[in-house]
Amino acid sequence: MLGLNEAPPAYELTSDQSSDSSGMTFAFGGAGVFKVKTKKVPTLAAQVQTFKRLVNDGVISTHQLHHSVALIAISGNDYMSDSDFETGFYTSFDDLDTYIGNVATEILDNVAQLQMLGVRKVLVNNLHPIGCTPLHTSSNNYTTCDLLGNYGASVHNKYLKQMLDERDNVHILDLYSAFTDILNHAPGGGSDQSNDFDGKLTPCCESTDEGGFCGERSHSGKRLYDLCENPDKTFYWDQTHPTHAGWEAVMKALQQPLTEFLDEDYIA
């Protein structure tokens with residue numbers, strides 16, 4: 001869609017004082033807008049500061065900025081285990097609502113930072129239906145989504161839309177709708193692509209050891225996980241991530257609004 005065969009190279013793997021013509025990736029797996037206690041990864045703000053330093057040093061040129069699009073991909077680590085959300089003590093729904101609002105505000109602040117630095121267009125994904133991930137559906141034998149998890153994602157997305165709708169040159173990638181249209185179990189419901197998947201809430205790769213993970217092996221090298229026969233027919237790869245086929249279906253649904261946004265004139 002963007003005219004690239006692969007993602008821009010990672011900042012960590014790029015030599016000092018250089019920037020690839022295709023751009024740069026500052027993201028870290030497991031990161032959030034706030035610190036995740038068990039993972040030593042930079043927050044979203046720290047990643048933006050790294051980008052800012054390269055702009056100020058002239059490593060990333062003004063020409064690049066004026067032909068650029070940034071993607072902020074926050075996928076829910078602020079609401080996972082070991083986050084402030086999980087370890088904090090909240091006495092009411094108002095407290096939870098405030099925390100989710102703080103996450104959305106931090107995303108907004110970083111969007112504003114990127115725009116002030118000269119990035120012409122910014123994409124921000126909203127949260128997918130977290131309650132439909134196998135991490136949440138395993139407790140009911142992968143039959144139904146967890147309503148509370150999806151409610152939390154909906155609140156996050158509501159705040160995000162309210163805040164970002166006021167900004168020009170910003171587009172929300174609606175992962176929630178794209179995922180839901182594929183995962184919808186109602187007879188006759190869901191998108192045409194929904195019919196491409198047999199296993200929608202069941203992971204392709206599943207640990208055989210309670211508390212284990214996909215890809216884990218014993219000390220002797222024995223495989224401690226099972227794999228499905230046809231990942232192209234399964235939406236989720238593991239407890240939280242879609243398969244390649246799953247992501248392809250999601251991006252197909254997002255392609256038209258994404259390309260329309262990128263083709264729009266920049267609003268000065």
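Which residues does threonine 133 touch, not counting residues up to four places away in sequence?

**Before you start**

This is a predicted model, in which local features need pLDDT of at least 70 and side-chain atom pairs count only at pLDDT 80 or more, while totals for chains, interfaces and linings use all residues. Residues are numbered from 1 along each chain as its sequence is written, and side-chain values use heavy atoms, with hydrogens and water left out.

**Stop 1: threonine 133**

Select threonine 133, which lies in the loop between β2 and α5 (134–137); helices (H or I, at least four residues) and strands (E, at least two) are DSSP runs, numbered from the N terminus. Leaving out residues up to four places away in sequence, threonine 133 touches His128, Tyr236, Gln239 and Thr240, where contact means heavy atoms within 4.5 Å. Threonine 133 counts as buried because its relative accessibility is 3%; buried means under 20% relative accessible area, exposed over 50%, and partly exposed in between, with a 1.4 Å probe and protein chains only.

**Stop 2: the open sheet**

Next, colour β1, β2 and β3, which form an open sheet in that order with parallel pairing; two strands pair if DSSP finds at least two bridges between them. The edges are taken by β1 (69–72) and β3 (170–173), each of which has a single partner strand, so one side of each is left without a neighbour in the sheet. On average, neighbouring strands of this sheet are turned by 20 degrees against each other, direction ignored. Strand β2 (residues 121–125) runs parallel to β3 and is joined to it by 4 bridges, and if you select asparagine 125 you will find its bridge partner, leucine 173, in β3.

Axes here are lines fitted to C-alpha atoms, for helices over the stretch in contact, and angles run from 0 to 180 degrees between N-to-C directions.

**Stop 3**

Within helix α6, select histidine 156. Is histidine 156 buried or exposed? Histidine 156 counts as buried, because its relative accessibility is 0%, and it touches Tyr79, Ile100, Val103, Ile107 and Leu127, not counting residues up to four places away in sequence.

Move on to isoleucine 107, whose contacts, leaving aside neighbours within four places in sequence, are Val33, Leu44, Ile72, Ile74, Val124, His156 and Leu160. The largest nonpolar core has 37 residues, and Phe51, Ile72, Ile107, Val111, Leu114 and Val124 touch the most other members; such a core is a set of buried Ala, Val, Leu, Ile, Met, Phe, Trp, Tyr and Cys residues joined through side-chain atoms within 4.5 Å. At least two residues of this core come from each of α1, β1, α4 (93–117), β2 and α6, and α4 gives the most, with 9 residues. Apart from this core lies another, of 18 residues, among them Cys132, Ala178, Ala249 and Phe261.

**Stop 4: helix α8**

Select helix α8 (residues 244–263), where Ala245, Gly246, Ala249, Val250, Leu254, Leu258 and Phe261 are buried. The buried residues of α8 pack against β2, β3, α7 (175–183) and β7 (234–236). Look along α8 for a kink of about 45 degrees at glutamine 255, shortly before proline 257; the bend at a residue is the angle between axes fitted to the seven residues ending there and the seven starting there.

**Stop 5: strands β4 and β7**

Strands β4 and β7 run parallel and are joined by 2 bridges, and the bridge partner of glycine 199 is threonine 234 in β7.

**Stop 6: two residues with positive phi**

Most residues other than glycine have a negative phi. Asparagine 141, in the loop between α5 and α6, has a positive phi of about 60 degrees although it is not a glycine. Tyrosine 142, also placed in the loop between α5 and α6, likewise has a positive phi of about 60 degrees. Asparagine 141 is exposed, with a relative accessible area of 61%, whereas tyrosine 142 counts as buried at 15% relative accessibility.
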